[in-house]
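This briefing is meant for a reader who is meeting the structure for the first time. Please keep the sequence and the model open beside the text while reading.

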Amino acid sequence: MAKEQENIIQEVTGSEYKYGFVTNVETETIGKGLNEEVIRMISAKKEEPEWLLEFRLNAYRHWLTMKMPRWAKLDIPEIDYQDIVYYAAPKQKESKQWEDVDPELKATFDKLGIPLSEQMALSGIAVDAVMDSVSVKTTFKDTLAERGVIFCSFSEAVRNHPDLVRKYLGSVVPYRDNYFAALNSAVFSDGSFVYIPKGVRCPMELSTYFRINARNTGQFERTLIVAEDDAYVSYLEGCTAPQRDENQLHAAIVEIVVEKNAEVKYSTVQNWYPGDKEGKGGIYNFVTKRGICRGENAKLIWAQVETGSAITWKYPSTILKGDGSVSEFYSVAVTNNYQQADTGTKMIHIGNNTRSRIVSKGISAGYSSNSYRGKVKVVKTCRNARNYSQCDSLLLGDKCGAHTFPYLEIENSTAQVEHEATTSKIGEDQIFYCNQRGISTEDAVGLIIKGYAGDVLNKMPMEFAVEAQKLLQISLEGSVG
Amino acid sequence: MLKIKNLHAAVDGKEILKGINLEIREGEVHAIMGPNGAGKSTLSSVLTGRERFEVTEGEIEFNGKDLLQLPAEDRAREGIFMSFQYPVEIPGVSTVNFLKTAVNEIRKYRGQPPFPAGDFLKMIRQKMELVGIDNKLLNRSLNEGFSGGEKKKNEIFQMAVLEPKLAILDETDSGLDIDALRIVANGVNKLKRPDNATIVITHYQRLLDYIVPDVVHVLYDGRIVKTAGKELVAELEEKGYDWIKEEVGR
């Protein structure tokens with residue numbers, strides 16, 4: 001019986017990574033290694049103002065004093081930070097006209113299914129496409145500008161809206177926050193900037209697509225989203241990388257500021273190359289994402305489907321500062337083969353009557369390890385905070401592991417905090433029941449997983465829900481049990 | 001329709017079925033009765049293709065096809081349906097969605113296009129009325145939090161939707177009170193047609209008061225030791241299984 005389950009698992013989780021191709025485009029890179037000179041060079045290439053160079057250097061100097069965190073349930077090999085290229089840019093003309101974009105780049109994003117030409121973008125989603133260290137193209141910028149919405153690459157924001165960037169950069173994730181945040185703050189290259197002015201409901205979904213292409217390169221992007229009073233925006237990030245035998249480092253920062261009565265929905269479809277079946281290669285995904293609900297009744301929603309990366313270390317968090325503010329976190333994290341994930345969320349309740357909700361669904365297959373690590377904190381002065389957490393784990397096969405590490409720090413007795421956790425297996429009984437109704441094993445697993453992750457998939461923007469669902473099924477293809 | 005010849009089957013190396021011979025024709029209802037441990041559930045598992053049951057000898061022919069060569073899902077697609085003794089729960093998947101997947105996979109196997117959504121729902125509504133099942137139940141997660149009676153009713157409803165050629169009711173009466181039993185039996189009777197057949201596997205008489213069999217078999221120690229008409233049911237109810245054991249001489 002064990003043997004049989006093993007076979008089924010093989011069958012359902014064995015599929016290939018679809019985005020593993022490399023784009024043949026001339027790339028401008030700097031040499032490997034990290035020092036102040038490199039940081040000055042990155043800053044100079046981007047023609048940055050002095051204060052930003054200072055920010056980077058301070059971060060770098062602080063990083064030198066720090067040690068890599070080892071508390072996660074991850075087996076992270078030693079990383080040689082001098083063996084990484086910190087800046088790589090596909091060569092292209094300064095002009096950001098569509099006609100001027102390198103056809104190879106166009107073809108790449110076409111292949112990835114990312115609509116970069118506005119004529120083609122029937123879906124009505126504005127996209128910022130980032131390859132390696134730079135933004136290739138941002139669509140619908142003008143349409144958005146009519147409403148006062150700023151959506152552009154981070155570098156452009158530094159050039160055109162320096163005051164806004166300076167005001168918010170590092171305000172939610174200071175460079176001292178953690179090891180990878182410090183590293184990112186020192187060497188970040190590009191990313192997206194979103195600013196929704198007061199009272200504006202962003203008329204379309206915004207999305208950034210991150211692609212690592214160059215060899216030996218780390219990607220260090222930064223995303224900054226600001227929603228002023230009564231504003232609304234739904235934002236989605238997607239990511240893929242070529243299939244390579246070596247590991248590549250991705251250390252990003254996302255900062256989100258949500259003011260009074262504003263709402264931000266941040267969705268992620270993370271599909272970095274996870275390494276091969278033997279665990280060779282793949283992206284190290286060490287990311288700091290945090291938002292602050294600054295004003296009263298602000299709302300921040302995280303929704304994520306995570307199937308990629310060799311190692312994931314990531315805890316999108318919300319600081320609930322404004323009274324009555326609300327945050328929700330919905331996550332499906334899949335690990336297969338030798339993937340490792342230590343991921344979860346933090347909800348920090350500061351304002352009165354703040355509410356948070358956490359729904360985390362882990363799916364582990366193969367030899368993978370999948371941990372949920374979440375923290376709910378209610379500070380002493382916070383009255384009537386409420387939190388509900390649900391952490392479920394689903395195991396496929398008997399070689400993988402699922403772990404739950406919930407931390408509750410409740411300092412005020414008026415808080416109401418609930419935590420539920422379950423662990424289940426896709427049983428032979430369930431599969432046979434489906435078979436007996438004419439459903440093949442592979443479809444049975446798809447059906448069961450869809451049911452299991454439904455609460456989260458429903459929270460993804462409509463356009464991506466179907467894709468996310470497919471991604472789940474593909475990631476587990478060949479691995480049913 | 002179904003021909004079983006000298007069927008031997010084992011679980012974990014232990015022989016449970018020791019030479020079953022059985023023939024079922026269209027339009028017939030067969031009851032398979034027997035004491036606990038006789039091999040009743042093994043027989044239904046072997047027929048439906050559960051992998052951990054190993055067929056060591058014999059053959060099964062279903063509408064001219066060698067059933068033992070087909071994986072479980074293809075047997076279902078060929079028209080074999082089992083009402084489970086213990087239906088499983090699938091959280092987050094409604095009965096309606098589950099059945100839609102099943103129906104369309106079966107149609108695909110038969111070279112038919114998927115059911116148009118509107119027609120499917122219309123068909124579901126008809127079957128709902130036929131079996132007398134509540135709409136609310138069908139939109140909840142499959143079997144999750146269902147009572148014993150609701151689960152069995154849901155099995156019969158699925159049977160109504162999938163329209164099998166051969167239905168196997170595996171201990172469908174277990175855990176049902178008399179009202180639920182009557183509803184379930186009623187559903188089965190309504191689904192009876194001249195071109196389909198039913199196997200009722202049970203320990204007790206009571207289900208057979210409502211679903212009247214044409215042929216009754218007694219399964220004992222892996223063999224069919226007695227075959228007779230429906231009058232056998234009453235005799236078994238009155239005298240128990242011991243006299244059969246004595247007759248067989250064990």
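What percentage of the 481 residues in chain A is made up of buried residues? The model is a predicted one, and in it buried residues account for 57% of the 481 residues in chain A. The secondary structure of chain A amounts to 11 helices and 23 strands. Among the contacts in chain A with a separation of 6 or more, 84% are between residues 24 or more positions apart.

**Two helices of chain A**

- Helix H2 (residues 36-45) of chain A packs with helix H3 (residues 50-64) of chain A at an angle of about 155 degrees, and their axes are 10 Å apart.
- Because an angle over 145 degrees counts as roughly antiparallel, H2(A) and H3(A) are described as roughly antiparallel to each other.
- The crossing in which H2(A) passes H3(A) is right-handed.
- On the side of H2(A), Glu36(A), Ile39(A), Arg40(A) and Ser43(A) take part in the contact, and they meet Leu52(A), Leu53(A), Arg56(A), Leu57(A) and Tyr60(A) in H3(A).

**A buried strand and its partner in chain A**

- Strand E12 (residues 263-270) of chain A has 7 of its 8 residues buried, so this strand is largely enclosed by the rest of the structure.
- E12(A) pairs with strand E14 (residues 299-306) of chain A in the parallel sense, over 8 bridges.
- Within this pair, Val264(A) is the residue that stands opposite Leu300(A) in E14(A).

- Val456(A), which is found in helix H10 of chain A, counts as buried because 23 C-beta neighbours lie inside 10 Å.
- Leaving aside residues up to four places away in sequence, Val456(A) touches Ala303(A), Tyr330(A), Ser331(A), Val332(A), Val359(A) and Lys361(A).
- Val456(A) and Arg70(A) are 386 residues apart along the chain, and their C-alpha atoms are separated by 29 Å.
- Asn337(A) has its place in the loop between strand E17 (326-335) and strand E18 (340-349) of chain A, and its phi is near 50 degrees, a positive value in a residue other than glycine.
- Asn337(A) is buried, with 23 other C-beta atoms within 10 Å.

**Where chain A touches chain B**

- The contact draws 18 residues from chain A and 22 residues from chain B.
- On the side of chain A that touches chain B, the elements giving two or more residues are helix H9 (428-436) and helix H10 (441-457) of chain A.
- The residues on that side of chain A divide into 7 nonpolar, 7 polar and 4 charged.

- E6(B) and strand E9 (residues 166-170) of chain B run parallel and are joined by 4 bridges, with Ile80(B) standing opposite Leu166(B) in E9(B).
- In the loop between helix H6 (148-162) and E9 of chain B lies Glu163(B), which has a positive phi of about 45 degrees although it is not a glycine.
- Glu163(B) is partly exposed, with 16 other C-beta atoms within 10 Å.

**The four-stranded sheet of chain B**

- In chain B, 4 strands form an open sheet in the order E2-E1-E4-E5, with antiparallel pairing.
- The edges are held by strand E2 (14-24) and strand E5 (65-66) of chain B, each of which has a single partner strand, so one side of each is left without a neighbour in the sheet.
- Strand E4 (residues 53-62) of chain B and E5(B) run antiparallel and are joined by 2 bridges, and Phe62(B) stands opposite Lys65(B) in E5(B).

Notes: Residues are numbered from 1 along each chain as its sequence is written. Chains are lettered from A and ligands numbered from 1 in the order in which they are written. This is a predicted model: local features need pLDDT of at least 70, side-chain atom pairs count only at pLDDT 80 or more; totals for chains, interfaces and linings use all residues. Axes are lines fitted to C-alpha atoms, for helices over the stretch in contact, and angles run from 0 to 180 degrees between N-to-C directions. Angles under 35 degrees count as roughly parallel, over 145 as roughly antiparallel, 65 to 115 as roughly perpendicular and the rest as oblique. A crossing is left-handed if the near helix is turned anticlockwise from the far one by less than a right angle, and right-handed if clockwise. Two residues are in contact if their C-beta atoms, placed from the backbone, lie within 7 Å. Ala, Val, Leu, Ile, Met, Phe, Trp, Tyr, Cys and Pro count as nonpolar, Asp, Glu, Lys and Arg as charged, and the others, Gly among them, as polar. Two strands pair if DSSP finds at least two bridges between them. A residue is buried if 20 or more other C-beta atoms lie within 10 Å of its own, exposed if 12 or fewer, and partly exposed in between; C-beta atoms are placed from the backbone.
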